[in-house]
Amino acid sequence: MTPTDSTPEAASAPPQTLDRVRALDAEDPLKRFRDMFLFPMTDRKQDLYFVGNSLGLQPKNTAAAVTAVLDQWQQLGVRGHFEGNPAWIDYPESLNDGMASIVGARPHEVVVMNTLTVNLHLMLATFFQPSGKRCKVLLEDHAFPSDHQAISSHLQVRGCEPKESMIIVQPEATTGLLSTDAVVDQIRQHRDVLALVMLPGLQYYTGQVLDMRRITEAAHEYEIPVGFDLAHAAGNIPLQLHDWNIDFACWCTYKYLNSGPGALGACFIHERHAEDTGRNRLAGWWGHERTSRFQMAPEFIPPPTAMGWQLSNPPILSLAAIDASLRLFREAGGMEPLRKKSLQMNRFFRAELEKELGDRVRVVTPPEPDQHGCQLSLEIQHEGTSGRATYDQLELCSVRTDWREPNVIRAAPVPLYNTFTEIARFVQILKSCLNGAPRR
Ligand SMILES: *Cc1c(COP(=O)(O)O)cnc(C)c1O
């Protein structure tokens, strides 16, 4: 093949590797799902899409689900609230089974509503209950900006000085990773002043999965509530939020859950809190129990479920897109088969990088299976080029990843729609970029 050849196989691996990779794809029990998604195209060719960790691809069934709601709105008008299919008033709850199975919750422990950061604020209002010298929040140094800002502003609103009230766990200097021991140690050290522990389930920059169960156990020893931001975990790694006894969690549905840009987020509230209707919260009429909601009384009576944290009547068009996506997860057999393929892809991805690029690329994400999801965070260590320049070249080759400051390319092959062939191609294209002769 000539360097200018631009067929999809142009930057391809040696023939034996290709045969092996094609066999992996042929044997993939989830292979039929790829065809259920729409891929962005450049010059009439599918992009190599490894950025489902940022915005999941559109399932082909989304348009019909959204159109069905538009049709019902057209035909029924306001009657759609009770006569839609499902009735709009029941639409959020109809998603609970599907959403709960993704995160290992009981259906009454989840609610689809608002967006992630808004939900974080709502959860902080409930679970951050400073009292006396117990008034601080533990978070990590590289928390997603929105998490840091939400916590900081929340502290401010409560009259606490954010700087003094945030206990920030540092990652290990050499690896940039968070050690569970260090987190547990900080919890022990600050047990008398901590009112809340708030951490990511899967760190967005490094791709590291934290030991959520152990952290929760450690905090609960001192009766400190624990919340997790699961933006990068939901639909990516297996979760057992109920069994792990986590107090609350928030996530979005536009990343691994493929529900569209700005789609509604979701919350988990453990049943021991959700069932407590006297629990402090910021209230709104949609959180009032359904049967007496329309009596329009000023008193607030929530149901003994996570639905009692809703504020407003929800955007049904967004719920319809989430519904369509959850159907695909159900059809695929839930998180277990997806995780199986994801681990297999991740092993293959690492092996290809190691074989083809050796020490020119450092994988930041930990290799232990219980410490990563789909994403690999890559640091380019190649003289004469920077990570940012490499990312830009990948973009020119229609390879979609993302760049995160200060120094990481995040690449996430997703088991629902990516293939082993694409991983092999990605590594060859990355190699061609590092060799100064990018080719698709
Ligand atoms: C994507 C992401 C968010 C996004 O928050 P929105 O409120 O949905 O914009 C929050 N936290 C983390 C860790 C994320 O990765």
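Predicted model: local features only at pLDDT ≥ 70, side-chain atom pairs only at ≥ 80, totals over all residues.
**Cis prolines, positive phi and a ligand site**

Colleague: Where is Pro-86 found?

Modeller: The peptide bond from Asn-85 to Pro-86 is cis, with omega near -5 degrees. Pro-86 is found in the loop between α3 (80–83) and α4 (91–94).

Colleague: Is Asp-43 buried or exposed?

Modeller: Asp-43 is in the loop between β2 (41–42) and β3 (45–46). Its phi is positive, about 50 degrees, although Asp-43 is not a glycine. Buried means under 20% relative accessible area, exposed over 50%, partly exposed in between (1.4 Å probe, protein chains only). At a relative accessible area of 70%, Asp-43 is exposed.

Colleague: What is the relative accessible area of Glu-223?

Modeller: Glu-223 is in the loop between α10 (212–220) and β10 (226–229). Glu-223 also has a positive phi, near 55 degrees, and is a residue other than glycine. Glu-223 is exposed, with a relative accessible area of 68%.

Colleague: How many charged residues are in the shell around the ligand?

Modeller: Residues around the ligand (a heavy atom within 4 Å) are Leu-116, Thr-117, Phe-144, Asp-147, Asp-229, Ala-231, His-232, Tyr-254 and Lys-255. Ala, Val, Leu, Ile, Met, Phe, Trp, Tyr, Cys and Pro count as nonpolar, Asp, Glu, Lys and Arg as charged, and the others, Gly among them, as polar. By class, the shell has four nonpolar residues and two polar ones; the charged residues number three.

Colleague: How much of the ligand's accessible area does the protein cover?

Modeller: Take the polar contacts (N or O pairs within 3.5 Å): a polar side-chain atom of Lys-255 lies 2.5 Å from a ligand oxygen. For a side-chain N or O atom of Tyr-254, the distance to a ligand oxygen is 2.6 Å, and for His-232 3.1 Å. Accessible areas come from the Shrake-Rupley method with a 1.4 Å probe. Of the 390 Å² that the ligand has on its own, the protein covers 83%.

Technical notes
Residues numbered from 1 in each chain as written. Heavy atoms only, no water. Helix = DSSP H or I, 4+ residues; strand = E, 2+ residues; numbered from the N terminus. Polar contact = N/O pair within 3.5 Å; in protein donor to acceptor, adjacent residues only side chain to side chain.
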